[in-house]
Amino acid sequence: MKKLITLIFLGLHTFIQAQSNAQNEYIKQFLRFPLGAAVNPKYLSEKPLYRSLVASEFSSITAENHMKMVNIHPEKDRFDFSKGDEIIGFAQSTKSRVHGHTLVWHNQTATWMKEFQGDQQAWENMLKNHIQTVVKHYQGQIAGWDVVNEAFLDDGTLRPSIWSEHIPDYIAKSFVWAHEADPRALLFYNDYGQDGKPKKMEAILNMVQEFKKRQIPIHGLGLQMHISIQSKNEEIKEVIQQSAATGLSIHFSEVDVAVNPKNNPDFVLDDQVNLKQIEKFKLLFSSFAQLPASQQYGITFWNVGDQDSWLRGFFKRPKEYPLLFNEAYQRKAAYQEVMDFFKKK
Ligand code: XIL
């Protein structure tokens with residue numbers, strides 16, 4: 001009887017120990033590269049659970065919106081660094097790296113920029129001033145910048161925007177200006193949907209080659225990786241391989257794996273779907289882990305828990321569950337799977 005009680009006690013003890021170990025283990029401990037999340041400063045200050053989760057689970061922070069033109073440079077002669085600074089402060093208190101997003105984009109530009117009148121030189125001065133003021137403000141606090149975001153269309157042509165319309169060669173110029181402002185920041189070109197879009201991928205690779213020849217400072221490629229359970233593994237692997245072959249740093253910069261990409265209102269999240277999503281997370285993590293260590297800038301998720309996802313907010317897809325944490329900010333099964341994968345390595 002005494003033996004039985006001891007055995008039960010020991011068993012219980014081991015069980016409790018295992019549980020508490022599991023709670024004290026984090027994916028980021030097992031990675032050789034930073035694990036990041038895009039954050040919203042409002043949630044950092046208003047949702048304690050969100051804040052503590054970001055602090056404990058992630059080692060890199062990207063501002064989801066608050067370093068974009070519309071927020072950081074709302075008027076011609078006024079910059080607003082308040083929210084960006086809040087994010088930097090939080091990251092410093094948690095010893096996280098900060099990734100800057102984004103200096104030049106066709107979306108979320110400021111109204112005054114869209115209405116700007118002037119010749120080519122005036123446009124260049126305006127963009128240069130934007131880039132250099134922002135980069136200098138954060139000099140030494142931001143490891144890398146998405147200098148230009150989403151400049152190519154799926155067919156590989158340059159996307160029409162106020163920048164391409166008014167400033168010839170604006171991509172290269174933006175990199176040069178950013179480099180002048182902070183020569184130590186890593187400079188990225190960031191884009192989405194390269195998988196299955198060979199022309200888009202080719203345009204990016206050609207740009208990198210050309211920049212190398214012209215000695216335009218570019219250090220990394222951001223692959224946003226807004227993928228879905230239907231994305232094709234071979235296409236994903238191919239774009240990772242092609243991007244890595246440039247020798248530049250690689251950032252999976254905005255990861256989410258959509259489970260209901262067609263926004264089916266009757267969608268039900270079942271085990272089968274979960275398994276497909278886990279498979280995609282594993283594909284991303286394992287492919288990234290195979291890159292040369294010097295090229296591993298990090299993997300960043302676009303948002304923290306499923307209810308924060310831009311797929312729900314921006315795209316109004318309420319039945320979307322694309323992240324590692326659920327609505328209650330609890331780890332999903334995928335979290336454990338990814339951690340186990342790295343623990344075994
Ligand atoms: C999105 C944000 O998540 C939304 O909150 C905002 O309304 C629109 O922009 N590619 C990018 C990101 O590079 O900046 C976008 O972020 C998502 C797509």
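**Figure 1. Residues around the ligand.** Which residues come nearest to the ligand? Of the 14 residues around the ligand, those are Glu64, Lys68, His101, Asn149 and Glu254; a residue is near a molecule if one of its heavy atoms lies within 4 Å of it. This is a predicted model, where local features need pLDDT of at least 70, side-chain atom pairs count only at pLDDT 80 or more, and totals for chains, interfaces and linings use all residues. Residues are numbered from 1 along each chain as its sequence is written, and side-chain values use heavy atoms, with hydrogens and water left out.

Figure 2. Look for His101, where a polar side-chain atom lies 2.7 Å from an oxygen atom of the ligand. The side chain of Gln108 has an N or O atom 3.3 Å from a ligand oxygen atom. For Gln224, an N or O atom of the side chain is 3.3 Å from a nitrogen atom of the ligand.

Figure 3. Most residues other than glycine have a negative phi, and most peptide bonds are trans. Here the peptide bond from His101 to Thr102 is cis, with omega near -10°. Thr102 has its place in strand E3 (residues 97-104); helices (H or I, at least four residues) and strands (E, at least two) are DSSP runs, numbered from the N terminus. Gln108, in the loop between E3 and helix H6 (111-114), has a positive phi near 50°. Met225 is not a glycine either, and its phi is positive at about 65°. You will find Met225 in the loop between strand E6 (220-223) and strand E7 (226-228). Is Met225 buried or exposed? Met225 counts as buried because its relative accessibility is 5%, while Gln108 is partly exposed at 31%. Buried means under 20% relative accessible area, exposed over 50%, and partly exposed in between (1.4 Å probe, protein chains only).

**Figure 4. The buried residue His130.** His130 sits in helix H7 (residues 120-137) and is buried, with a relative accessible area of 0%. The side chain of His130 reaches the backbone oxygen of Leu103 at 3.4 Å. Leaving aside neighbours within four places in sequence, His130 is in contact (heavy atoms within 4.5 Å) with Met69, Ile72, His73, Phe79, Leu103 and Met113.

**Figure 5. Leu153 in its loop.** The loop between strand E4 (144-149) and helix H8 (162-166) holds Leu153. Leu153 is partly exposed, with a relative accessible area of 27%. Beyond its neighbours within four places in sequence, Leu153 is in contact with Leu158, Arg159, Pro160 and Lys200. Now find Gly193: Leu153 and Gly193 are 40 residues apart in sequence and 9.8 Å apart in space, C-alpha to C-alpha.

Methods:
Polar contact = N/O pair within 3.5 Å; in protein donor to acceptor, adjacent residues only side chain to side chain.
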